Amino acid sequence: MSADSSESIYRCALNKNVPFSAYFSEQVKDLNYRVQQMERLLESIEPFYKKVQLTILEDRPYLYRVQGHQIYIGAKLLEAPGHLEKALAKIWYRERNEALFAQQILMEEVITDFIVYLLNGDLDLGDPQTKIATALRKVRWPFVIKSVPAYCESPWKQSEHFAVCLEHKEDLSVDQQVVELSLRPLLVTSWVNSYKGLSSRERFNFVQNLPRLLRSEHQPALPLIGMHRLAGVQETTLLKAAEAMKNINSFLASSQAMKDSETHRIFAANFTNELRSHGFQEAFAEASFDLLFVSPTTLTEKSAIFAHFMKIAKASPKVQIALRDQDNLWMLPSRFPIPLKSFGQIKANRTVVEKCGGYNFSYVMDYANITEKLLVVDHCDTNREIQYSRFLNEGAEGFGAQNKGIAFVQFHLPSLLMKKSELEQVSNVFEFIQKRDVENPSFKSLGWREVHWSEQANAYQPKAYVDAIEWFRVPN
């Protein structure tokens, strides 16, 4: 019970006299119920190999350790729902697991979370401090990736990390595991949804075959270390996370059960489809967003534009919005940044750039590998706030209507690239558009037939053979 004293509780069948324990007198009914519920579930699949011992520590309330068949758990974590049950599931899992590979810790979290889900019909793992519990909800790649502070604030942190997150957030052992463990909600949600997609009979067969899945051989063999390190490829957070996702999928796809079990094949197909529906594509594991804002200056949580986009993101949770400056990227609504170097390729359907003064088409085309639509906003007066809420839903027309007097151009980069050679001599986009020299070969290349003025947007919309410039408003 503590560093200075300990108490033991025995089954009555052992017929031993033991000192009266006030703690166990109060807790034994609840403990018995929780242990028996999980024991009944696990032994309906396959019994434990050995008896389990439980040690509860009051002086280290957030300690959580599973060693062999011994559980060490702090009193606070014991009181919070799910952690004791999870520890029992971990012992059962480790008894059967024979598939050691690079993502072993993550795989254990996914399977044992699934077992807790089977017990409760949800994943109710509570945080004894915040009282917030995990929840099975739709999360998307790559928004699920977290920094250490964001991971430690999340109710999805590993039970073993509650103490270290509370005391030493900078601990390197946490930092090294955060990338993979932050994938847990995405993988668990996909796993549970794949299970729910099975028929009742298939669900029963799948659960009964869990021990076989854990013992199964894998062909090809699962990697023991990250393969990109062997290949000498530059390691990024995104690449490491993508590899972990692929390897977890391979755990299913390369299992011997794929050959022997129709239920397993259906589940594996469901799982792959679930990951795709959550934004993860194995062929190109890149960071892709609906909207990316590129700031010319350093961003902080206190920046006005940060607060503005945070409000938009919270009001539109289904839209993937990211902000970046020269060093960091924020995947809203998370307030914690991730270093930009953590990402290899970043793409967005729409990108917004604020810039003061003129620019040429080469500047615009530098974003061609990043985005389809680029909105370049002329923002020289830093005291004037630009609003983007209508841009999210109405595009450049809504942006123009919401920001009277602000010069901007929206480009369609695939079309612009078709005329790259003809436009590379243009030194100033605004002057080029404003002058509209119909005899200029560069201007002719755009194929403007007419320029429509929109009263609502207070901006121009060219009608052209090549939709390289979709909307614009020139400076006054």
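**Burial, helix and core**

Guide: Ala-313 is buried, because its relative accessible area is 4%; buried means under 20%, exposed over 50% and partly exposed in between, with a 1.4 Å probe and protein chains only. The model is predicted, so local features need pLDDT of at least 70 and side-chain atom pairs pLDDT 80 or more, whereas totals for chains, interfaces and linings use all residues. Residues are numbered from 1 along each chain as its sequence is written, and side-chain values use heavy atoms, without hydrogens and water.

Visitor: With which residues is Ala-313 in contact, leaving aside its neighbours within four places in sequence?

Guide: Contact means heavy atoms within 4.5 Å. On that basis, Ala-313 touches Ile-321 and Leu-332. Ala-313 itself belongs to helix α15, residues 304–315; helices are DSSP runs of H or I, at least four residues, numbered from the N terminus.

Visitor: What should the 17 residues of helix α12 span?

Guide: The expected span is 1.5 Å times one less than the number of residues. For α12 (residues 237–253) this gives 24 Å, and the end C-alpha atoms are 24 Å apart, which agrees. Twelve of its 17 residues are buried, among them Leu-238, Met-245 and Phe-251.

Visitor: How many residues has the largest nonpolar core?

Guide: Nonpolar side chains tend to be buried together in soluble globular proteins. A nonpolar core is a set of buried Ala, Val, Leu, Ile, Met, Phe, Trp, Tyr and Cys residues joined through side-chain atoms within 4.5 Å. The largest has 113 residues, and Phe-361 is one of those with the most contacts inside it. A second, separate core of 27 residues includes Ile-312 and Leu-323.

Terms used. Helix = DSSP H or I, 4+ residues; strand = E, 2+ residues; numbered from the N terminus.
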